[in-house]
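Hello,

Here is the structure I said I would pass on. My notes on it follow below.

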Amino acid sequence: MENKIIGFIGSGNMGSAMIKGILASKLADASQIIASAKTQATLDQLKADCGIETTLSNLTVAEKSDILFLAVKPYLYESVIREIRDAITDDQIIVAIAAGQNIEKIEGAFGKPVKLVRTMPNTPAMVAEAMSALVPNENITEDDLSLVTRIFESFGKAEVVPESLMDAVTGVSGSSPAYVYMFIEAMADAAVADGMPRTQAYKFAAQSVLGAAKMVLETGKHPGELKDAVCSPGGTTIAAVAKLEEGGLRNTVIQAQRACTEKSREMSK
């Protein structure tokens, strides 16, 4: 990533997670990153944590960046783009990170041809375990897409998908860390109820979820097959699985995730 300046307009949870992920991977150093935020307090904390250049001016970030991440809330996109669009050049790559902001809408806000990649990462970027989806517009070259993909792979896994799948991506990976945190919290609560200290309970629950996820990714086996391997006849695990089925775990997860996807679709209109 030599000689490339990476800019972030927006330094909230997602923006700061990505910045920390990029720096931790050593894909770029602190001198190559500049970020803006709404408050000086946010910038002061980011500078203390990461040592990057910070500014309250979105325009300054836009003018200095080769690759510009728009990491603000969806409702701010129109006003932020209006603020910076005259400074955007033909060579700059714009990376959009917001649920419900499709390529057509973003291109319309700029009012001119731009190089644009619509993306959906998630906050595990902070620990280099993000799952990100990328959708390039027609102005993005193979080299441009390779460059952006390298950035996202510096803090996790990334795949190019058709834009028609981006709402589903929001449900299955963009928002899903929240569902998993709830599951871990519930597991820990049960362990605490059974006498385990709280800190230890979180560690046992979180490591079990991490290990189970790695089994799915690294063995290539169907999750159901892996589940069956743990369920001995008449044993403890199948007793727990029966209770989860009784409570409607699968249907609740499906309905919750589809509600998330539908909300993303509504925001795209």
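Please keep in mind that this is a predicted model. I began with Met18, which touches Phe8, Phe69, Ile97, Pro121, Ala125, Phe152 and Phe155, leaving aside residues up to four places away in sequence.

Met18 also belongs to the largest nonpolar core, which has 33 residues; Phe8, Met18, Ile19, Phe69 and Phe152 are the members that touch the most others. Two or more residues of this core come from each of β1 (6-9), α1, β2 (33-36), α2 (40-50), β4 (67-70), β5 (93-97), β7 (130-136) and α6 (142-153). Helix α1 gives the largest share, 6 residues. Another core, of 29 residues, lies apart from this one, and Val72, Phe110, Leu116 and Val169 are among its members.

Phe110 leads on to helix α5 (residues 103-110), where Ile103, Ile106, Ala109 and Phe110 are buried. These buried residues line one face of α5, because they fall within an arc of 130 degrees when seen down the helix axis. They pack against β4, α4, β5, β6 (115-120) and β7. On the face of α5 turned away from the buried side are the exposed residues Glu104 and Gly108.

Helices α1 (13-25), α4 (77-84), α7 (166-174) and α8 (176-193) each give two or more residues to the lining. By type, the lining has 16 nonpolar, 15 polar and 3 charged residues.

Regards

Key
Residues are numbered from 1 along each chain as its sequence is written. This is a predicted model: local features need pLDDT of at least 70, side-chain atom pairs count only at pLDDT 80 or more; totals for chains, interfaces and linings use all residues. Side-chain values use heavy atoms; hydrogens and water are left out. Helices (H or I, at least four residues) and strands (E, at least two) are DSSP runs, numbered from the N terminus. Ala, Val, Leu, Ile, Met, Phe, Trp, Tyr, Cys and Pro count as nonpolar, Asp, Glu, Lys and Arg as charged, and the others, Gly among them, as polar. A nonpolar core is a set of buried Ala, Val, Leu, Ile, Met, Phe, Trp, Tyr and Cys residues joined through side-chain atoms within 4.5 Å. Buried means under 20% relative accessible area, exposed over 50%, partly exposed in between (1.4 Å probe, protein chains only). Contact means heavy atoms within 4.5 Å. The arc is that of the directions from the helix axis to the C-beta atoms.
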